[in-house]
Amino acid sequence: MTINEKALRTLIDAAAVKRARVVANGAVFHVEIDAPGRSFIVETGKGAVRTWRSIDAVAKWLKGLGLGSVALELARWQPGQKSLLG
């Protein structure tokens, strides 16, 4: 299931985020959110999975939303991998 930034802000404001994870996949990162009874992957306004190319960028975005603690999953991180995203 996916969630956009506006809905994610609503969950954060309601203190309904149980856990946030930054997940590496190849050379990019995406965010997964656990809320009561559901898990979400953050999406763009166009409905695609939102990705970042650096840990710094995703960390700044999450901090700006008000999240101060996230887990980082690096098992599938391959920093030298060419991205299919262009």
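# How the strands, helices and aromatic rings are named

Guide: Strand β3 and strand β4 (residues 38–42) pair in the antiparallel sense, and four bridges join them. Please keep in mind that everything here comes from a predicted model.

Visitor: What makes β3 and β4 count as a pair?

Guide: The requirement is at least two bridges between two strands, and β3 and β4 have four, so they meet it. One of these links runs from Asp-34 to its bridge partner in β4, Ser-39. The two strands form a hairpin with two residues between them, and in its turn Gly-37 has a positive phi of about 80°.

Visitor: How many bridges join β2 to β3, and in which sense do these strands run?

Guide: Strand β2 (residues 19–25) and β3 run antiparallel and are joined by seven bridges; Arg-21, for example, has Glu-32 as its bridge partner in β3. The hairpin of β2 and β3 likewise has two residues between the strands, and there Gly-26 takes a positive phi near 70°.

Visitor: Why is the pairing in the sheet called mixed?

Guide: The open sheet has five strands in the order β1-β4-β3-β2-β5. At its edges stand β1 (2–3) and β5, each with a single partner strand, so one side of each has no neighbour in the sheet. While β3 and β4 pair in the antiparallel sense, β1 and β4 pair in the parallel sense over two bridges, with Val-42 of β4 as the bridge partner of Ile-3. As both senses occur, the pairing is described as mixed.

Visitor: How do you know that β3 is mostly covered?

Guide: A residue is called buried if its relative accessible area is under 20%, and eight of the eight residues of β3 are buried. Val-28, His-30, Glu-32 and Asp-34 point one way from the strand, whereas Phe-29, Val-31, Ile-33 and Ala-35 point the other way. Helix α2 (residues 55–65) lies across β2, β3, β4 and β5, and runs at about 30° to β3.

Visitor: How many aromatic pairs are there in the whole structure?

Guide: A search finds two aromatic pairs. In one of them, Phe-29 and Trp-77 lie 6.0 Å apart, centre to centre, with 45° between their planes. Phe-29 belongs to strand β3 (residues 28–35) and Trp-77 to the segment after β5 (71–73), so this pair ties together parts that are 48 residues apart in sequence.

Visitor: Why is the pair of Phe-29 and Trp-77 called tilted?

Guide: Ring centres must lie within 6.5 Å to pair, and planes under 30 degrees apart count as stacked and those over 60 as edge-to-face. The pair of Phe-29 and Trp-77, at 6.0 Å and 45°, falls between those two angles and is therefore tilted.

Visitor: What is the angle between the planes of Trp-52 and Trp-61?

Guide: Trp-52 and Trp-61 have 45° between their planes and 5.0 Å between their centres, and they too form a tilted pair. Trp-52 has a relative accessible area of 8% and is buried, and Trp-61 is also buried, at 13%.

Visitor: Which residues touch the most other members of the largest nonpolar core?

Guide: That core has 21 residues, of which Leu-8, Val-31, Ile-33 and Trp-61 touch the most other members. The elements giving two or more residues to the core are α1 (5–13), β2, β3, β4 and α2. Contacts of Leu-8 include Ile-3, Ile-33, Val-42 and Trp-61.

Technical notes
Residues are numbered from 1 along each chain as its sequence is written. This is a predicted model: local features need pLDDT of at least 70, side-chain atom pairs count only at pLDDT 80 or more; totals for chains, interfaces and linings use all residues. Side-chain values use heavy atoms; hydrogens and water are left out. Buried means under 20% relative accessible area, exposed over 50%, partly exposed in between (1.4 Å probe, protein chains only). Contact means heavy atoms within 4.5 Å. Axes are lines fitted to C-alpha atoms, for helices over the stretch in contact, and angles run from 0 to 180 degrees between N-to-C directions. A nonpolar core is a set of buried Ala, Val, Leu, Ile, Met, Phe, Trp, Tyr and Cys residues joined through side-chain atoms within 4.5 Å. Lists of a residue's contacts leave out its neighbours within four places in sequence.
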